[in-house]
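Welcome! Take a look at it first, and then read on.

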Amino acid sequence: MNIKASKKLTIMALFTAVGLVLQFVESMLPIFTAIPGGKLGLANIVSIVNISFFGGANALLIAVIRSFIGSILCGGVMSVPYSVSGAVLSTVVMWLAKKYAGGRLSSIGIGVLGAAAHNTAQVLTASIIFGSVYIWTYLPVLIIIGTLSGALVGFAAETVLRKTPITKILK
Amino acid sequence: MMTRADRFVTAFFLLAAVFALIFLNLAVYSAEPSAIVISVDGREYARYNPDELSEPRRIEVRSEYGYNLVEVSSEGARVLEASCPDKSDVHSGMISKSNQVIICAPNRVSIRIVGGSDDVDGVAY
């Protein structure tokens, strides 16, 4: 393995850890667990940054690993399907948004799309696990919270992207 | 810093969510509540008629997944205590309109208010 590839792998592992810490810190903030399913989605900052730095496939891999470990640490085994489905759908949607509308959308719009995808995946997972369609009534409130927090997360990601000279680091 | 497309996406989701909330209140929540149904892991655990509850009643829901203390009354239903880590069901507060639900995902508990003559409780067996 050459030095560039090892550097890339190391930084990807580091970003997985950063995402984990953000997810863990967020779960300790009581204000964001007060609304069922509502969250800030801080770990999504890392996912947005990863899509730009390492490409969608790597970002997806990191998001799956991060959400799997993070949900076991923060919410227990029962929360794994919610967290992982949310991470997968939101990362795929943000990847596609970046690929096909990256010229027009900044990270803010991408963050909003990712949050909406995350909310939809969680409600879909809950409706499958509970076998009930009425859980979809949660979605509008989640989307309102998710749109606001997604824009905030996108703004944070945009700032990280602008200030990190990743091409220099990976040289 | 927000582009035009960003503003469009943000406004789209906010407006869609607001319209969905209006629709829910007009069409989904409007029926007169006729029963409060507590389910565990998709199976009906208990069912109450809110009109017959002159006093609030506390129900301990225990299963292999965990423990929830539910209060049902003529006003609706809420969760008072839960063994799950995030307590999002407790934070949900009171539900009072038909077709509203509280779920406790870790404990697989759901509480739903059934409305009108709709006797299908929306739970798959």
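From the N terminus on, chain B runs through its elements as α-β-β-β-β-β-α-β-β. That gives chain B two helices and seven strands, where helices (H or I, at least four residues) and strands (E, at least two) are DSSP runs numbered from the N terminus. Please keep in mind that this is a predicted model, in which local features need pLDDT of at least 70 and side-chain atom pairs count only at pLDDT 80 or more, while totals for chains, interfaces and linings use all residues. Residues are numbered from 1 along each chain as its sequence is written, and chains are lettered from A and ligands numbered from 1 in the order in which they are written.

**Chain B as a whole**

- The C-alpha trace of chain B spans about 55 × 35 × 30 Å along its principal axes.
- Of the 125 residues in chain B, 34% count as buried. A residue is buried if 20 or more other C-beta atoms lie within 10 Å of its own, exposed if 12 or fewer, and partly exposed in between, with C-beta atoms placed from the backbone.
- Among contacts in chain B between residues at least 6 apart in sequence, 40% join residues at least 24 apart. Two residues are in contact if their C-beta atoms, placed from the backbone, lie within 7 Å.

**The four-stranded sheet of chain B**

- Four strands of chain B make an open sheet in the order β2-β1-β7-β6, with antiparallel pairing. Two strands pair if DSSP finds at least two bridges between them.
- At the edges are β2 (43–48) and β6 of chain B, each pairing on one side only.
- On average, neighbouring strands of this sheet are turned by 20° against each other, direction ignored; the axes behind such angles are lines fitted to C-alpha atoms, for helices over the stretch in contact, and angles run from 0 to 180 degrees between N-to-C directions.
- Seven bridges link strand β1 (residues 33–40) of chain B to β7(B) in the antiparallel sense. One pair to look for is B:Ser39 with its bridge partner B:Ser110 in β7(B).

**The three-stranded sheet of chain B**

- Another open sheet has the strand order β3-β4-β5 (chain B), and its pairing is antiparallel.
- β3 (57–63) and β5 of chain B stand at the edges with a single partner strand each, so one side of each has no neighbour in the sheet.
- Neighbouring strands here are turned by 25° against each other on average, direction ignored.
- β4(B) and β5(B) form a hairpin with two residues between them. Strand β4 (residues 66–73) of chain B pairs with β5(B) over six bridges in the antiparallel sense.
- Within this pairing, B:Val70 has B:Val79 of β5(B) as its bridge partner, and B:Glu71 stands opposite B:Arg78 in β5(B).
- Five of the seven residues of strand β5 (residues 76–82) of chain B are buried, so β5(B) is largely enclosed by the rest of the structure.

**Loops with a positive phi**

- Most residues other than glycine have a negative phi.
- B:Asp41 is not a glycine, yet has a positive phi of about 50°. B:Asp41 sits in the loop between β1 and β2 of chain B and is partly exposed, with 16 other C-beta atoms within 10 Å.
- B:Arg108 also is not a glycine and has a positive phi of about 55°. B:Arg108 belongs to the loop between β6 and β7 of chain B and is buried, with 20 other C-beta atoms within 10 Å.
- B:Arg43, found in strand β2 of chain B, is exposed, with 12 other C-beta atoms within 10 Å. B:Arg43 and B:Arg108 are 65 residues apart in sequence and 9.9 Å apart in space, C-alpha to C-alpha.

**Where chain B meets chain A**

- In chain B, 32 residues are in contact with 33 residues of chain A.
- On the side of chain B that touches chain A, α1 (4–28), α2 (88–91), β6 (101–104) and β7 (109–115) of chain B each supply at least two residues. α1(B) gives the most, with 11 residues.

**A helix of chain A**

- Just after α4(A), A:Gly76 takes a positive phi of about 90°.
- What covers the buried residues of α4(A) includes α1 (3–28), α3 (43–54) and α5 (80–101) of chain A.
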